[in-house]
Each structure stands twice: as C-alpha cells, then as structure tokens.
Amino acid sequence: MAEEIIIDREGLDQLIHVLREMGFQVAGPTVRDEAIVYESIRSINDLPEGWTDEQKGGYYRLKKRSDKALFGYVVGPHSWKKFLHPPERRLWQAKQDGNDFEIIPEELATPKFAFLGVRSCELHAIAIQDKVFLDDTYVNTDYKIRRENAFFIAVQCGQSAGTCFCVSMKTGPKAESGFDLAMTEILNDDGHYFVVEVGSEQGRKLMEKIPHRQAHSKEVEQANHIVNETGIQMERVLDTTDLKELLYKNLEHPQWDDIANRCLSCANCTMVCPTCFCSTVEDVTDITGEHAERWQKWDSCFTMDFSHLHGGEVRSSTKSKYRQWLTHKLASWQDQFGSSGCVGCGRCITWCPVAIDLTEEIPKICDSTTQNTSTPVKNEAPNEIP
Amino acid sequence: MKSLESILAAHPFFENLDPQYMALMTGCASNVRFEAGQFIHRQGEEANSFYIIRQGKVALEVCPPEKEPITVQTVSDGEILGWAWMVPPYHWQFDAQAIELTRAIVLDGRCLRTKCSEDHALGYELLSRLLPIIGQGMEATRMQLLDLYGTRG
Amino acid sequence: MTPVPHTIKKIIRETHDTFTLDLTPKDGSEPISFLPGQFNMLYAFGVGEIPISISGPAPGTRGMLHTIREVGTVTQALHKLKKGATVGLRGPFGSSWPIETSKGSDIVILAGGIGLAPLRPAIYNLLEQRDQFGNIALLYGTREPKDLLFTKEFEKWRGKLGVQTKITVDKAGSDWRGNVGVVTTSIPRVSFDPPHTIVMICGPEIMMRYSVIEMKRLGVSEDRIYITMERNMKCAVGFCGHCQFGPSFICKDGPVFRYDRIKHFFGIREI
C-alpha cells in the first residue's frame, strides 16, 4: 500500500483531534522532568517542539534545536510497553468468608490507544512482545485487547542518537511495516510538513478526514533520503554473526566479572528496555484481612529475590544477573521466540548510570582469544584482559 | 555345596581376578555368618579381617556419648566391609553390626598384607579394586554432608 | 490466570513436615485432568501462590492430590488450613513424564525427598499397564527414615507388581533396618538393561546431577534420561520470566526435561 500524502502542522493537530474524537487516547512524546517521555497528549502543543536529545553512555540531555521540529529527538526513557504491558495491573480480588473465599475477576480494561511518534525500533520491539504475549503457548488477554485496539503512527527517524544501533539489529531506521501511518518530518525553505505513508485501511480512512494533498515524487524522495542518511550516520555497530552460539559458549568468560565490577544491579536497563517483559505478582490484603488483591508489577532479573528458591537465590551475584539479562536478550531469546530480544534502541546504554555498553562488552565476551581463561580474573583495570 | 573359591570368584570384588591370585585368596578365606544384631567389629579394634558380603546387611555405626547410635552407611550383598585391614594402624573406624542375617567370607587381613608386601603386583591388583570403593564412599559422604534434602537443598 | 476455588476434601499427614491436600472444585464440577509430572499453582488466601506438583489421584480416589512440604510462608499457610477450607487452584501446567514413549523399555525411577511426589502419578500410570514395560526399578532416598513418603505403597508396588524398590536414607538411628547411603548407591543394586532403559529423576538438583553421571557411566544415553528442574515461578504461563533456565521456561517447557536438551546449561553456576 505505497501511497504518500502530505499534511502540515495543522493537519497533524487535526489528526490528534480526530483520533481523540474517535475515542482514542492519543499518547505521544512530551517534555517532562528534562526528558522526552510518552504521555497522553491533546494537541501538537504538547509535542517537544524545538527539542532534541543528546545521548551517549550514561548520558542524556535535552538541547534546544535551531528549528521548530516536533520530532527532532530520538528516543527517551519511556517506551510504548508502559501502555501495552502496564507497570502495575490488578489481576483479581478475593473476598474471604470464614474458611471460604471467592475470587472477583478484574474487569478487563479496554483502552484504545493511538501512539504518535513510534520509531522503527519500537515497532520491532512491540512485534517482539507480541511473540511473548500472543504467539506462544498462552495468550495474555489484557495485552491482546490493548494491542488490537491500538493505532500506530510511526515517525521516521531524521537523526540517530549516539547510542543507536538499529542498523546492526536490522530494526531500522526506516519503519517498513506494522504501522497505520508513518510520517517523515520535513523542515526546509518550503516550510514544515510531513510526508505520510499510509500503512493500513484504517490509516487511509482516517487520512480522508484530514486536509492533505498527494505527495510529489520529489517529496517522497526527500523523505526517503532523510531516513537513509540517518542509517548512514549511525556509528555504533554490533556484530550479530553467530552471537547466540558465541554467548552460550562463553558463559564463564572473565569479562562477566569485569562487568560485574561496574554494574550496580540497578535494573535501569531492564526498565527502559522496550522488550523486557518480566513481571512479578504481589498478594496484598487490607487491614481486616478479609479482602485480598493480586497485583502484577514489572520486575527485573536484577532485583533481589527474582530467582528466589526456598532457601536462597539461584542468581545472587551481579555477574550472574547481568549474564542472565544479556544472554536472555541476545541469545536465549532466539531459542524462545525466534528473534533477538534487542532492537538496538540504545536505551540500556544511555540510562546505565555507569555507562555499561553492551556493544562494547559483547565483542569482549565473544572474543575467542580469552574465552578459555580458566580462572576469572578480577580486573582492577577494565578493558585489559590478558 | 559350592567351593569357597567359586563363591569368591562369583563376588563382584574378585571379578576376573587372575586364577593364581584367586587361589591365594582362597587360602586366606573362610565362611562366616552373623545373626541380626551381632556386632562384627567395634570402633578402635584391630582390623585384621577383610569381609566379603555374600548376603545380608551390615550397618556402620558411630555412637556419640549420651545419644543413640547413628548409622552412616549400610553394606549388603555383593559389597565389601571396610578397608582398615589394609592401611596402618589397622584399626576399625566404625562399629559394624549385622542388621539382618549376614553370610560373608572373611579373609585373614594379616595374611593378605604379608602376601601383598611380598608380591607388589598382587598388592596393586587389590588396591586397584579397593580404591574405587573407597572413592565412591568418599563421594557418597560428601553428598551426605551437603544435606541435599534439607530446607536449603 | 484467575485461581479457581477448590475445597480441601481431605488432609493426609505424610511426615513431620509434609502433608497432602486432596482438592476438589468448590462448584462441584469434576476435578481437572492432568498428566503425570504436571503441577498446579495453589493460592492461600491473602498470602500467595506456589507451584505444587500433582501427586495423585491415587487409585480409588477422585480428587486431586498435592503433596506439600512446609518450607515457606505459603506452604505454612496451606498447612494451617482445615478440612473444608478453600484454596485457589490454577493449572495444570507444564510437561509430563514420558510414559507412552517408554513402552517396551526398562524403567528406572530415582526420587529424592519430596521429589517422589511428582513421580507418583507416573508410577501409577506405569503400573496400570505393567505388562507394557520391562523391569521397573524405583530408587528413593531421603535424609532420614522419618522423611520417607508413601512407604505403605512401596510394599504394594514391590510385592504384587514386581517393582524393584530400594529405599535409602542419608543417616539413620539404630532402629532402622533399611539401607543407609546416598540414593545413587542403590543404582547397582537393581537390574535393568542400560541401553534399553528410560530413567526418570526428580529430586534436589545436585542429587540429579550425580544420578545422571552414574546413569551415563552405566551406558544409558542422554536422550533416555528425564529430569525435573525447579526455579522461581510466578505466572506459570511463560509471561513473568522468573523461571528461565537458559532458553527454557520451567513452567511451560518443563518441569520435566529430556536431559540432552538442557545439558548445556545443567550444572552451570548461578544459571
């Protein structure tokens, strides 16, 4: 369904309004707490106009742009999983009556989200979570409803952050599918407008309600050029050749100890990761003890008790926790769900307080010249493995 | 009735032993029988007997003061009882009590020791057969120490 | 994902720290059907939920048996419940012991401690079709004689059904007339034909590790050895991520695994 049209800023504002009138809760980028986060938005005034983000290992800063771009940033600490797989969700309640109790199932929420500003890596992340929650042995009904109701407006990346490596992970920068609409923001002497690619019937119907015109081939070319340039500019790479086998072979590599000397087990990487899906449940009772609830909450393989088995932790060391996270993301995910669990968005690098960078660590872990070192060495000086 | 030599030859410990040595072993061997509850030896006693269990069950026990005795191992059909006769100072480390009717062959430990020191090939042969049993016993002891089935197991 | 209220029909005191709950759906419907080796998630009101292997129905019973050892807050809460009380149940979950595919083979079952509970339905299943299998051996080890489960049934299995049973404990008082030693020491005391034997092991991970070593040494191939793995479990349906063991989710890919399929990760520290 290759079909490109042009809308301007007002058209985008209209788009938001029409979606809201249709009952969608429109979520998009906005500036809060010195970061660009995803929240409910009401108009283009909520968008991070004129802002960009500067990112590198352990570093994220908002900077003013010299123009009025609405999508002139890359990605922030949030991902869309907070809408599709909420951080906290009550699963059910129970009411006690003497020796007996009854379970009160939770009524399933049926929110209709329209996501504005979804990046290509994020569309891939959502497709990856689909495999976890929809395409496996069991189906997560809550996720299914949220997912099926959602409307996706992708935005093609006009720039990459210092931590991006989607080209290596083959997840971007160009959004190719999985969206209803995909926009490329263009700012030049001719003005400020969006080249919109329609990706679904629902997207087409919606655009009929928005003032637009057909795109000229030159405009389409320019849009393609922008996203292609983004890919070319991307400096960070991760060689994924035989990555699963290499990681499986190197589960006792001394580099894990080296990382463990720096890692704080803070779980930031898992919280910002758009594919990390782990959760826990908490059983709570009120003060009378007669009313109980079960809540599902995001959890992380870095937290205490994650691997608790009567008597102790299976993975108590930081080394084993980091190894679990990384090998799950890049190796065992392949066995479990048929793809990598990493989309190369770079969030785990940006938001790591000590700037642990998986694209730097993986080549060291998979380096065959050190893989057979029998005694893991505690390295005082990082990066120097004998 | 089976001859002593054929009984010995049929026991797993002496499987495929050179006939020449087999004859030597038979020379030091005699049949014994222990009733259930009978002690075969006590901790600290001189160890001068090598028992080959044909049938039955023997408990190796330790008895802490003011406590009930604890069984740490049982040996039964096709197994051997102890190796203290082979190693100085030739003293038993545990009490051994038959807990059911037990038929065994006893070999004279002193006689075996002398023969082994005269013929190192025989000594090597016997030790090669004893060592895996000692090793297995040690491995089993380690696993018992781990308290596998405890709440932290 | 929502527990179904079940009534405690019967409580069987098994040992000093282990008991069996016989559960039946509160609404009077038939108990769910399950495969030997599968588990349920049992919920104690307001306290929490834990995975418990299904240990029966024993022949002649209709409910669903769960043999539970008191080790944590939820099991303690379950222990305090009286006959007639309600518990929540989700399940059954997980993989099962290979009964059908084992026909024609000798069977060696190695159980350690509470590990006998998930094997008991497999034993019943094997014995219901006794003539379909060759030699059957059941080797069971616990810490002390007072920890032994289902001992009365052992006599029945041994006698009429020709199962070779060996019970051994790690240590015992002088009143114990049985074997003392770790469970692996019983392996040479039963007869089976290693190349044509299926081995099913359930117990503490270390006990399984040494049992596998011993079985391989005797010539049982790795694809004929089945073990069960245990990890922290929350959701039981593969969503929560807690029970991962390398690429496997214990809840849906396990708990019963064919050894050769997980051996790369088995025994790696803190995996």
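Tutor: By salt bridge I mean a side-chain nitrogen of Lys or Arg within 4 Å of a carboxyl oxygen of Asp or Glu. Before going on: this is a predicted model, where local features need pLDDT of at least 70, side-chain atom pairs count only at pLDDT 80 or more, and totals for chains, interfaces and linings use all residues. Residues are numbered from 1 along each chain as its sequence is written, chains are lettered from A and ligands numbered from 1 in the order in which they are written, and side-chain values use heavy atoms, with hydrogens and water left out.

Student: OK. Which domains does chain A have?

Tutor: Domain 1 covers 4–233 and domain 2 covers 243–365; the bounds come from an automatic or database domain assignment. Their centres, taken over C-alpha atoms, are 25 Å apart.

Student: And how many residues of domain 1 of chain A are in contact with domain 2 of chain A?

Tutor: 42 residues of domain 1 of chain A, against 40 residues of domain 2 of chain A, with contact meaning heavy atoms within 4.5 Å.

Student: What area do the two domains bury between them?

Tutor: About 3,500 Å², 60% of it on carbon and sulfur atoms. Buried area here is the accessible area (1.4 Å probe) that two parts lose on being put together, summed over both. On the domain 1 side of chain A, A:Lys81, A:Ile128 and A:Phe165 supply 17% of the area buried against domain 2, more than any other three residues.

Student: How many salt bridges are there between those domains?

Tutor: The count is 2.

Student: Switching topic: how many residues of chain A are in contact with chain C?

Tutor: 49 residues of chain A, meeting 41 residues of chain C. The two chains bury about 3,800 Å² between them, 57% of it on carbon and sulfur atoms. In chain A, A:Asn99, A:Phe101 and A:Tyr138 lose the most area to chain C, together 17% of what that side buries.

Student: How many salt bridges across the interface of chain A and chain C?

Tutor: The rule finds 3.

Student: Which element gives the largest share of the side of chain A that touches chain C?

Tutor: That's α11(A), with 8 residues. Helices (H or I, at least four residues) and strands (E, at least two) are DSSP runs, numbered from the N terminus.
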